[in-house]
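Have the structure open as you read.

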Amino acid sequence: MRISIQRALLLAFTGLIAVLAGTLAWLSYRESTQLAEGLSREVIHAQQQRVENELKIVFQPVTRAVSITLARIRAGDVDLAAPQRQKTILWPWLREVPLVGSLMFGNPAGYQWLLARYSTGVMQSPLLSRQHDLPAIPRSGSLFVTREFDRRRWGDTSHWQIWSADGSQALRRFDVDLPGYEPSEHAWHREALKQLERVDAAGNGVVPESQVAWTDVYTLFTTKSLGISACGAARTPGGEVVITAFDVLLDDLTAFTRARHPTRSAKVFITTDTGEVLGLPDEPQFDSEAVRRSALMRPLEAIGDSALAAFASQWRGRRDAPAAEPVAFVADGERWWGSSAPYGLDADTRLWVGVVVADRDLRALAGFEPMFILWVALIALVFAIPLASVIARSVSRPIGEIIEQGRRIGRLQLEPEPADASALIEVEELRDGLNAMQRALADHIANRDQTRAELEESEERFRLTFELAGLGIMHAGPDGIVTFANQRIATMLGRTRDDLIGSPVMDHTHPDDRERDLERMRRIFEGREQAMQWEKRYIRRDGSVLWGHVVIGLHRDEQGRPLYAVAVIRDVSEHKALEVRVRQSQKLEAVGRLAGGIAHDFNNLLTVITGYASLVAQSLDAQHAAQRDLAEIERAAESAAALTRQLLTYARKDVAAPRVIDAGEVVRDNEQLLKRLVGSQIVFETRVADGEHPVFMDPVQLQQVLVNMVINSRDAMPDGGGLAIEVDRLGDVDDDRDGAERVRVVVRDTGIGMSPDVLARVFEPFFSTKEVSQGSGLGLATCYAIVEQAGGVIEAESTPGVGATFSIVLPCAGQSADARRAVDGARAVRGRGRVLLVEDETQIRDLLERGLKGAGFDVRVARDGEEALRAAKAFEPFDLLITDVIMPNMNGGTLAIALRAHNQDLSVLFISGYSREVLGERLPPDTELMTKPFATQEVVRRAQSIIDTRHRRPGSVMSVARRV
């Protein structure tokens, strides 16, 4: 009895474990099948969408090009009697539109003018087999072929030419017979004329892109290869019908579909509407040479691929179904998934994009391994019998004991026997083992889900980084068409991403930079450069220019073939604008140096003119008739000196020399100059109130302020207007600042005015609303600095469209300019003391010697430092050294140090045509300096003042610097 129970339990538990293992394997297989079906839908749909998007990139430019060409026909640009003119029209399309192998102009009467790429197999056509001396050009070649055919003039003869890459010269000419050639029998001829009938029926003559006709696939006559044509016909202004056709070759479509496999065994193919194959990559029985020889297309079932043949039988019954859901089929004992979706070229022509993928690839993509489940089931079955045997023994033992106890009770054998608990323990261990298997399976599923979540998170992180990067990023294929762009580059160019994707890169490039960029792109795609960077100009949607720093590299496939270029663009427009300003500042600095040198030499001449005029005036009676002429000479010299000061101020080589001047006189003196600045189309006037308007200011700087403000107002009135300068005084009632009197200068114009934003920044350095070439943005900023340095304020008021008013308010000086000049002129100085005069300019040296001697000084002169040292040794000690600073061999500072080594009480007065700032270390600090031009009497008064100070303070001497 024990043995039969144990066997029964053994069979029961063995069957149970086998059922569990089989159930687990079946559930796993069903889950993997559902997952594979879902993946097939996603993979196939994504691949179809990708190919369809790329087909748009191929076909849409062709359609657009045909539409533009038809518009030129209607405008009368196409003259069928002038082939050279036709070449000019067709040449850019053939070079720039992707995958177009040939283009044509013709008419219904049989005339044709065709232009084809040499590298698309034209020379391999049987038509040209007799031309044995034609050059062998590889497919990557860039020569071009033209053919002219006119049945009415030449019969069956056509004229051919091979052209250079730039179309400038014909390299080879020959004739070929085309017996039996009838254009009207070809698809492009029929479709173009049917399209023209629809346009004529519409009555408006408009041919949008949607009305350009696409033919079904047919054998092209010129190349004897398969192709598809976009064609159309239009009437010239004279009513003549002109046909044009752009051919896309089968060879190019075949290359287009190559390397587009989503998995290892998948196949991507394109078929006609009737099921003939247009392109199939990596298919050894299908090549372009075989197609040329047969000039036929093969059905999908006849290409020697069992998977595609099996799919074709499924697809033909579902071709007109609205949904392109994947279908499962079996080929060569293997399960496959496949689908084909229509791609419409126009209302009458469509292609089909098909994808088939092996079920094993999808399962591998999903991470499912069938062999793993089979091994688990096999191992479970192997261990099922021993495990069931152990369980059977453990369970049958207590059952047998129960039966034995029942027998013993029946025989009244009631002595107790110990119970065996090993069976219960084994049952618990079995339950624990099953629980552990369940937990391991759950952990495996959880790890798979976590891996998928981490992958999705990584992809999302990369996408966000790509989109939020501060740099613009674009992808472009070998044909120059943008295939991808992030939001940053779209924002930089003022466009949307949809506008960029599918458009040529050169459409967004500045015309002056396109030729250089094309050459760089060729170098990248030909492998001559791994990566390149340069600066270029882009054109925004609004027509403005964007400067970008471009770094470009190339992405290749596993075989090393170029797929697309990746360009990273950084906006450097502000940096380029700053470079322009820096260059402008450098130009201003160079002009300033020139102006400073001219002003120095001019000061020497003015010193001579002013000095001799003053000496002549002193030698004549006050009532002499020449006094007025001499006064005019001095006045002209003063004006020239003011002009020199203005040059030095412009050159930043002179500091302000403020004195009491009359602001009204400055305005009157410069009225003619300001009128010439504004021109005749602007009404200019000045209004100076009665009385004096004294201010303590450099007159040249006040003139500079007026000139800058007048020029600013003139630029604000391009169509003319009115400009006025007013000068008056403000008293306690008119001004509430601090009660002191002030002089006000007002500049008013009737120009375009300024907005509040512009008005708030009008005095900022480098701020300007003009073009860079028209202004540096420093005019009003300079005015602000000059007025502030003079202790005044400048304010601006403006209303857009009405005009602007600039008000300058300056402190009123205590003494008038006329009174100050009268006091200075009344001083008469009589000199005493010994003076050593050193000056390398002969005229200035003679003038100062004459003036100093005439005033009573004992004067010795020297031409340079060495001669001055000899004079100092030969004569008694001098009271004063008057020396120029810049001299040959030895400058004035070095001479002063050498003389003071023997005479520590020697005083020094430096004279120079340069300011203290320009002289720099050549001039010791805290020293006396007189800048040219100056009157001789000014030098006499300054010399006597220095000597008098020396005598009043016997122990005090002027400090002379110890450096040059």
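Is the crossing of α23 and α24 left-handed or right-handed? The crossing of these two helices is right-handed, where right-handed means that the near helix is turned clockwise from the far one by less than a right angle, and left-handed means anticlockwise.

Before going on, some ground rules: this is a predicted model, so local features need pLDDT of at least 70, side-chain atom pairs count only at pLDDT 80 or more, and totals for chains, interfaces and linings use all residues. Residues are numbered from 1 along each chain as its sequence is written, and side-chain values use heavy atoms, with hydrogens and water left out.

The protein chain holds 26 helices and 31 strands (DSSP runs numbered from the N terminus: H or I of at least four residues for helices, E of at least two for strands). Of its 964 residues, 44% are buried, that is, under 20% relative accessible area with a 1.4 Å probe, protein chains only.

Here are two helix pairs, with axes fitted to C-alpha atoms over the stretch in contact and angles running from 0 to 180 degrees between N-to-C directions.

| Pair | Residues | Angle | Axes |
|---|---|---|---|
| α17 and α18 | 671–678 and 699–715 | about 25° | 9 Å apart |
| α23 and α24 | 865–874 and 892–900 | roughly 20° | within 10 Å |

The α23 angle makes that helix roughly parallel to α24, a label for angles under 35 degrees. In this pair, Gly865, Ala868, Leu869 and Ala872 of α23 meet Leu895, Ala898 and Leu899 of α24, with contact meaning heavy atoms within 4.5 Å. The residues of this contact come out as six nonpolar, one polar and no charged; Ala and Leu count as nonpolar, and Gly as polar.

As for α17, its angle makes it roughly parallel to α18, and α17 passes α18 in a right-handed crossing. On the α17 side sit Leu673, Leu674, Leu677 and Val678, which meet residues of α18 including Leu706, Val710 and Arg714. This contact divides into eight nonpolar, one polar and one charged.

Now the sheet. α17 also lies across β21 and β23, at about 155° to β21. Those strands belong to an open sheet of five, ordered β21-β23-β24-β26-β25 with mixed pairing (two strands pair if DSSP finds at least two bridges between them). β21 (682–688) and β25 (793–799) are the edge strands, each pairing on one side only. Seven bridges join β21 to β23 (residues 721–730), and the two run parallel. Val683 has Gly722 in β23 as its bridge partner.

How values were computed:
Angles under 35 degrees count as roughly parallel, over 145 as roughly antiparallel, 65 to 115 as roughly perpendicular and the rest as oblique. Buried means under 20% relative accessible area, exposed over 50%, partly exposed in between (1.4 Å probe, protein chains only).
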